[in-house]
Amino acid sequence: QDWRWQWRSFLTAGFSGVYIFLHSAVYYFRKLQVDNVASGFLYFGWSIVMSMLFIILTGSVGYVSCLVFVRSIFGSIKVD
(Lines give C-alpha, C1' and ligand atoms only; values in the text may rest on other atoms or scores of the structure.)
Protein backbone atom coordinates (compact mmCIF):
# COMPACT_ATOMS: atom_id res chain seq x y z
CA GLN A 1 0.00 0.00 0.00
CA ASP A 2 1.56 3.27 -1.13
CA TRP A 3 0.38 6.12 1.07
CA ARG A 4 2.22 8.70 -1.07
CA TRP A 5 0.21 8.02 -4.22
CA GLN A 6 -0.95 11.65 -4.38
CA TRP A 7 2.51 13.00 -5.19
CA ARG A 8 3.21 10.20 -7.63
CA SER A 9 -0.04 10.82 -9.52
CA PHE A 10 0.59 14.59 -9.62
CA LEU A 11 4.22 14.35 -10.73
CA THR A 12 3.66 11.55 -13.25
CA ALA A 13 0.99 13.54 -15.05
CA GLY A 14 2.83 16.82 -14.57
CA PHE A 15 6.08 15.59 -16.10
CA SER A 16 4.69 16.44 -19.53
CA GLY A 17 5.32 20.10 -18.65
CA VAL A 18 9.02 19.31 -18.25
CA TYR A 19 8.95 17.73 -21.69
CA ILE A 20 7.38 20.90 -23.11
CA PHE A 21 10.12 23.04 -21.55
CA LEU A 22 12.86 20.77 -22.90
CA HIS A 23 11.27 20.89 -26.33
CA SER A 24 11.15 24.68 -26.22
CA ALA A 25 14.85 24.77 -25.27
CA VAL A 26 15.75 22.48 -28.17
CA TYR A 27 13.65 24.64 -30.51
CA TYR A 28 15.39 27.78 -29.25
CA PHE A 29 18.90 26.45 -29.85
CA ARG A 30 18.24 24.65 -33.14
CA LYS A 31 15.64 26.69 -35.02
CA LEU A 32 15.55 30.24 -33.67
CA GLN A 33 18.30 32.69 -34.43
CA VAL A 34 18.09 35.15 -31.59
CA ASP A 35 21.06 37.46 -31.17
CA ASN A 36 19.69 39.59 -28.36
CA VAL A 37 20.20 38.39 -24.77
CA ALA A 38 17.01 40.10 -23.59
CA SER A 39 14.99 38.17 -26.16
CA GLY A 40 16.48 34.94 -24.88
CA PHE A 41 15.54 35.81 -21.30
CA LEU A 42 12.01 36.65 -22.40
CA TYR A 43 11.71 33.41 -24.38
CA PHE A 44 12.94 31.21 -21.55
CA GLY A 45 11.01 33.17 -18.94
CA TRP A 46 7.73 32.67 -20.74
CA SER A 47 8.65 29.07 -21.51
CA ILE A 48 9.12 28.41 -17.81
CA VAL A 49 5.84 30.12 -16.95
CA MET A 50 3.89 28.16 -19.55
CA SER A 51 5.56 24.89 -18.57
CA MET A 52 4.77 25.45 -14.88
CA LEU A 53 1.15 26.19 -15.72
CA PHE A 54 1.00 23.02 -17.80
CA ILE A 55 2.55 21.04 -14.93
CA ILE A 56 -0.11 22.37 -12.55
CA LEU A 57 -2.90 21.69 -15.05
CA THR A 58 -1.93 18.13 -15.98
CA GLY A 59 -0.84 17.30 -12.44
CA SER A 60 -4.20 18.38 -11.08
CA VAL A 61 -6.02 16.27 -13.67
CA GLY A 62 -3.84 13.28 -12.79
CA TYR A 63 -4.41 13.75 -9.07
CA VAL A 64 -8.19 14.11 -9.36
CA SER A 65 -8.51 11.12 -11.69
CA CYS A 66 -6.46 8.93 -9.34
CA LEU A 67 -8.45 10.18 -6.37
CA VAL A 68 -11.74 9.24 -8.05
CA PHE A 69 -10.31 5.83 -9.00
CA VAL A 70 -8.99 5.07 -5.50
CA ARG A 71 -12.25 6.14 -3.86
CA SER A 72 -14.27 4.01 -6.23
CA ILE A 73 -12.03 0.97 -5.61
CA PHE A 74 -12.08 1.29 -1.83
CA GLY A 75 -15.76 2.24 -1.87
CA SER A 76 -16.65 -1.07 -3.50
CA ILE A 77 -15.01 -3.14 -0.72
CA LYS A 78 -17.55 -4.45 1.74
CA VAL A 79 -16.41 -4.67 5.34
CA ASP A 80 -18.50 -6.96 7.52
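Is tyrosine 63 buried, partly exposed or exposed? Tyrosine 63 counts as partly exposed, because its relative accessibility is 31%, which lies between the limits of 20% for buried and 50% for exposed. The model under discussion is predicted.

**Overall form**

The protein chain contains two helices and zero strands. Its C-alpha trace spans about 70 × 15 × 15 Å along the principal axes. The radius of gyration is 19 Å, whereas a compact globule of 80 residues would have a value near 12 Å. Of the 80 residues, 19% count as buried. When contacts between residues at least 6 apart in sequence are considered, 69% of them join residues at least 24 apart.

**Helix H1**

Helix H1 comprises residues 5-30. At 1.5 Å a residue, its 26 residues should span 38 Å, and the end C-alpha atoms are 38 Å apart, so expectation and model agree. The buried residues of H1 are Trp5, Ser9, Gly14, Gly17, Ser24, Ala25 and Tyr28. Helix H2 (37-75) is included in what covers them.

**Aromatic pairs between the helices**

The count of aromatic pairs comes to eight. Two of them are set out below.

| Pair | Centre-to-centre distance | Angle between planes | Class |
|---|---|---|---|
| Tryptophan 5 and tyrosine 63 | 5.9 Å | 10 degrees | stacked |
| Phenylalanine 29 and phenylalanine 44 | 6.0 Å | 40 degrees | tilted |

The pair of tryptophan 5 and tyrosine 63 is stacked because the planes of the rings stand at 10 degrees, and the cut-off for stacking is under 30 degrees. Tryptophan 5 belongs to helix H1 and tyrosine 63 to helix H2, so this pair ties together parts that are 58 residues apart in sequence. Tryptophan 5 is one of the buried residues of H1, while tyrosine 63 is partly exposed.

The pair of phenylalanine 29 and phenylalanine 44 is tilted, with 40 degrees between the planes. It links distant parts of the chain, with phenylalanine 29 in helix H1 and phenylalanine 44 in helix H2, 15 residues apart. Phenylalanine 29 has a relative accessible area of 62% and is therefore exposed. Both phenylalanines also belong to one aromatic cluster, formed by Phe21, Tyr28, Phe29, Tyr43 and Phe44.

Tyrosine 28 is found in helix H1 and counts as buried because its relative accessibility is 12%, below the limit of 20%. Tyr43 and Phe44 are members, with Tyr28, of the aromatic cluster. By contrast, the C-alpha atoms of tyrosine 28 and valine 68, which are 40 residues apart along the chain, are separated by 39 Å.

Serine 24 is likewise placed in helix H1. Its relative accessible area is 11%, so serine 24 is buried. The side chain of serine 24 reaches the backbone oxygen of phenylalanine 21 at 2.7 Å. Beyond residues up to four places away in sequence, serine 24 touches Tyr43 and Ser47.

Definitions and conventions: Residues numbered from 1 in each chain as written. Heavy atoms only, no water. Helix = DSSP H or I, 4+ residues; strand = E, 2+ residues; numbered from the N terminus. Expected span 1.5 Å × (residues − 1). Buried < 20%, exposed > 50% of the residue type's maximum accessible area, 1.4 Å probe, protein only. Contact = heavy atoms within 4.5 Å. Phe/Tyr/Trp six-rings, centres within 6.5 Å; stacked < 30°, edge-to-face > 60°. Polar contact = N/O pair within 3.5 Å; in protein donor to acceptor, adjacent residues only side chain to side chain. Rg over C-alpha atoms; globule rule 2.2 N^0.38 Å.
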